[in-house]
Amino acid sequence: MTAAYPALRLRRTRASAWSRRMHAETVLTPADLIWPLFIVEGEGVEQPIASLPGVSRWSVDQIVARAREARDLGIPCVALFPYTPAHLRTEDGREALNPDNLMCRATRAIKDAVPEVGVLTDVALDPYTSHGHDGLVDAAGYVVNDTTADLLIHQAVNQARAGADVIAPSDMMDGRIGMIRAALEGEGAHNVQIMSYAAKYASGFYGPFRDAVGSRGLLKGDKKTYQMDAANSEEALREVALDLAEGADSVMVKPGLPYLDIILRVKQRFEVPVFAYQVSGEYAMLEASVAAGAGERDALVLETLMAFKRAGCSGVLTYHAAHAARLLNA
Ligand code: PBG
């Protein structure tokens with residue numbers, strides 16, 4: 001066991017491509033990718049998002065085309081986020097509960113046309129509120145927990161009725177996973193999964209996403225009273241433990257690359273499926289470095305995605321999903 005140089009040369013197994021492939025400890029495949037998509041009203045519409053170069057909002061018919069593309073590329077699941085028109089945004093975000101809102105229409109359209117692709121829907125009120133917060137705001141500007149959770153339960157049930165396969169609460173209210181699970185069971189939706197955004201940090205990396213769903217200009221203040229402090233990791237383990245105890249099928253860590261340590265700790269401690277969200281600001285940062293000539297897109301995309309797998313992820317939500325799948329299928 002104590003061979004040393006020159007008997008031991010770790011470069012030997014790296015000397016040729018076949019051997020590097022044979023010794024790879026981690027594999028990345030299109031099945032590891034979840035593709036986030038932004039939906040907008042209309043037909044035949046593609047609206048590019050300036051702060052997310054290469055990413056667009058699509059009308060429902062175009063979202064269905066993206067879902068077909070996902071299927072053809074071997075991507076198992078898409079994640080949907082709506083751009084709610086201003087006149088439907090209210091203090092209480094009630095459009096989230098409308099069975100015919102954009103989310104529900106897109107979900108039904110995908111499940112009708114491409115049922116073999118999983119649909120993951122985000123539970124939180126920020127795409128629907130006039131103030132851009134994930135929940136209800138009281139007179140002092142505080143996002144209140146329990147009345148928000150009541151609405152989120154109905155939002156989740158509304159999505160499940162439209163055909164959502166995975167309910168993904170991203171709001172960070174306390175106690176909502178158990179309540180949503182109970183409501184889904186009450187609906188007979190036993191096989192609708194919950195992927196909780198368990199360790200979601202109050203991050204500077206969400207800016208382009210807020211442009212994409214139209215909440216950036218509306219948001220007053222920050223989300224630090226509900227999303228986690230970047231200084232904390234023990235707290236992330238407590239969040240994960242609670243969400244699992246409440247019935248989450250899988251957990252998410254978000255953002256991605258700056259929080260690989262959290263992914264590793266969660267995986268080692270709980271041995272459950274862990275997903276990462278490589279968020280909008282991470283995507284934009286990578287694209288900016290490509291635009292500046294500092295790096296090469298294909299290499300950066302595959303290396304960062306592999307890092308998530310190496311840290312223990314079952315999969316990654318990434319705006320590069322289609323591009324990465326094309327590279328992996330080549
Ligand atoms: C909101 C939500 C956010 C993201 C996913 N769901 C933004 C936020 O919390 O402000 C961010 C995703 C990204 O940046 O790509 N509930």
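Where does E271 lie? In this predicted model, E271 is placed in the loop that runs between helix α8 and strand β9, the latter spanning residues 274-278. The backbone at E271 has a positive phi of about 50 degrees, although the residue is not a glycine. The side of the accessibility scale on which E271 falls is clear: its relative accessible area is 68%, and E271 is therefore exposed, since the cut-off for that class is over 50%.

M172 belongs to the loop between β6 (166-169) and α5 (176-186). Is M172 buried or exposed? Its relative accessible area is 5%, and because buried means under 20%, M172 is buried.

P6 is located in the segment before α1, the helix of residues 17-23. Another cis peptide bond joins K254 and P255, and here omega is about -5 degrees. P255 is situated in the loop between β8 (250-254) and α8 (260-270).

K254 leads directly to the ligand. Which residues come nearest to the ligand? Of the 17 residues around it, these are S170, K223, K254, S280 and Y319. The shell around the ligand consists of seven nonpolar, three polar and seven charged residues.

A ligand nitrogen atom lies 3.0 Å from an N or O atom in the side chain of D126. For D134, the distance from a side-chain N or O atom to a nitrogen atom of the ligand is likewise 3.0 Å. An oxygen atom of the ligand is found 2.6 Å from an N or O atom in the side chain of Y319. Taken alone, the ligand exposes 410 Å², and the protein buries 100% of that area. As for its location, the ligand sits in the largest cavity.

T148 is part of helix α4, which covers residues 146-162. A polar atom of the T148 side chain lies 2.5 Å from the backbone oxygen of V144. The relative accessibility of T148 is 0%, so T148 counts as buried.

Two pairs of C-alpha atoms give a sense of the distances across the model. S314 lies in the loop between α10 (297-311) and β10 (315-318), and its relative accessibility of 29% makes it partly exposed. S314 and P115 are 199 residues apart along the chain, and their C-alpha atoms are separated by 22 Å. A17, in helix α1, is likewise partly exposed, with a relative accessibility of 47%. How far apart are the C-alpha atoms of A17 and G93? They are separated by 54 Å, and the two residues are 76 residues apart along the chain.

Terms used:
Residues numbered from 1 in each chain as written. Predicted model: local features only at pLDDT ≥ 70, side-chain atom pairs only at ≥ 80, totals over all residues. Heavy atoms only, no water. Helix = DSSP H or I, 4+ residues; strand = E, 2+ residues; numbered from the N terminus. Buried < 20%, exposed > 50% of the residue type's maximum accessible area, 1.4 Å probe, protein only. Near = heavy atom within 4 Å. Polar contact = N/O pair within 3.5 Å; in protein donor to acceptor, adjacent residues only side chain to side chain. Areas by Shrake-Rupley, 256 points an atom, 1.4 Å probe, with all protein chains shown as cover. 1 Å grid on protein atoms, 1.4 Å probe; cavity = no way out; pocket = protein on both sides within 12 Å on 5 of 7 lines; lining within 4 Å. Sits in = over half its atoms within 2 Å of the grid points. Nonpolar A, V, L, I, M, F, W, Y, C, P; charged D, E, K, R; others polar.
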